[in-house]
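Visitor: Could you show me how to read a predicted protein model? I'd like to take it one feature at a time.

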Amino acid sequence: MICNLSNLFITMNYDVEILCTHFFEEVAYYLDDKVEITYLSDQLPEKHISLKKRLKNLNFKDFRKDFYSKYYLQKKVANKFIKFISNIENSVIISTRNDHTKLVNKYSKENNKLIAQFHCDHTTIKGYLKDIRYQYNRINYLLLLTEELKNEVESNLLGYNQNTECLTVPNFIINKRDIKNTKRKKQIITVGRLTSGKGFDRLLLIWEKFIVNNQDYMLKIVGDGEEKEKLIQLAEALNISHSIIFTGSLSNDETVEEIRKSKLFVMTSLREALPMVLLEAITQGTPIIAYDVRVGPRSIIKDGYNGYLVEEGNIEKFVEKLEFLISENDIYSNMSENAIVSSQQYSEENLKNTWFYIIN
């Protein structure tokens, strides 16, 4: 979304600079050549085992290494961030992470417009509601992904932070592909980081039941993460490995192409905010079946219109919806068309006016 927004602002004739905390060799998504990037570190972020766990295991060598990278290097980057922010004048500063927003709130000059985005469900971040009460007092706008999230956060500010206006501003999707006459494979797809919060183990339990009567279908799992080996082992234990493909990480274009060719998109996450992959799915006319977890999927899926919301944890109902949609061609076709229609509210053009209002 940072790349998408930067490109949008360029078309609106703004000068755009991205302040990036760590250096990656190349930008993962398309970025206009006019966008300037400033890196605060020439290193990649490292994955860490918690310091508490290091001490528990008495691994002092690794503890010292983690202490250095966690505290010294992070402090160094934070100091550079503060210095950079302190020198900005007469500009719009948009922050996307809570820690950065607090620093922007504290160190930005008075003549800047300050906009904070929050791309998660606030209930998953410990202390976040307290932060926006007391450390967002100079933030002009706080942008939330859904109306439900906006209402919850807004009510939390009453009586504390009267300066920050909460707005609902969803992500937008750029669709450059012609999806007419798309040939769908007997393939069902899901996309995400292979972590415990994404609930892919729950999907494998669903697939175990679904594949009994639908052995000509394949499940494609796009993504990578620390749970990958566990999921592969679970698939083997359930005797369903032959019908599952773990693709690993794919580029955005490759991922969207796989979604476009798939019959259905499925999501079994434990929590979400406004998942970009679901926006990608409806833009490609691929109906979605997802567990109705807190706030996320229900903001995109209109049950029975462009997909189905299934009661959280109800495996039998999930399988029932899968089998129903792959067998009812007319209903499927209507849902696919409806998905495309519903995606228009998340188009770049539709959100452009919203952003024009916010930054002017």
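## Buried charges and salt bridges

Guide: Let's begin with Lys220, which counts as buried at 10% relative accessibility. Buried means under 20% relative accessible area, exposed means over 50%, and partly exposed is in between (1.4 Å probe, protein chains only). Keep in mind that this is a predicted model: local features need pLDDT of at least 70, side-chain atom pairs count only at pLDDT 80 or more, and totals for chains, interfaces and linings use all residues. Residues are numbered from 1 along each chain as its sequence is written, and side-chain values use heavy atoms, with hydrogens and water left out.

Visitor: Okay, so with which residue does Lys220 form a salt bridge?

Guide: A salt bridge here is a side-chain nitrogen of Lys or Arg within 4 Å of a carboxyl oxygen of Asp or Glu. For Lys220 the partner is Glu258, and their closest N and O atoms are 3.3 Å apart. That pair links distant parts of the chain, with Lys220 in strand β8 and Glu258 in helix α9 (residues 252-261), 38 residues apart. Helices (H or I, at least four residues) and strands (E, at least two) are DSSP runs, numbered from the N terminus. Glu258 counts as buried as well, at 13% relative accessibility.

Visitor: How many salt bridges does the count come to?

Guide: The count comes to 16. Take Asp131 and Lys102, whose side chains meet at 3.3 Å, N to O. They too link distant parts of the chain: Asp131 sits in helix α5 (residues 128-134) and Lys102 in helix α4 (residues 98-107), 29 residues apart. Asp131 counts as buried, at 11% relative accessibility. Asp99, Lys102 and Asp131 are linked in a network of salt bridges.

Visitor: And where do Lys186 and Asp216 lie?

Guide: First, the contact: their side chains meet in a salt bridge at 2.6 Å, N to O. Lys186 lies in the loop between β6 (165-168) and β7 (187-191), and Asp216 in the loop between α7 (200-210) and β8 (218-222), so the pair ties together parts that are 30 residues apart in sequence. Lys186 is partly exposed, with 46% relative accessible area, and Asp216 is partly exposed too, at 44%.

Visitor: Let's go inside. Which residues touch the most other members in the largest nonpolar core?

Guide: A nonpolar core is a set of buried Ala, Val, Leu, Ile, Met, Phe, Trp, Tyr and Cys residues joined through side-chain atoms within 4.5 Å. The largest has 43 residues, and Leu142, Phe265 and Ile288 touch the most other members. Helix α10 (residues 276-283) gives the most to this core, with five residues. Apart from it lies another core of 32 residues, with Ile188, Trp207, Ile221 and Ile326 among them.

Visitor: What about strand β10: which residues cover its faces?

Guide: β10 (residues 264-267) is covered on both faces: Leu264 and Val266 on one side, Phe265 and Met267 on the other, all buried. Next, pairing: two strands pair if DSSP finds at least two bridges between them. β7 and β10 run parallel, joined by two bridges, and Ile189 stands opposite Phe265 in β10. β10 also pairs with strand β11 (residues 288-291), in the parallel sense over three bridges. There, Met267 stands opposite Ala290.
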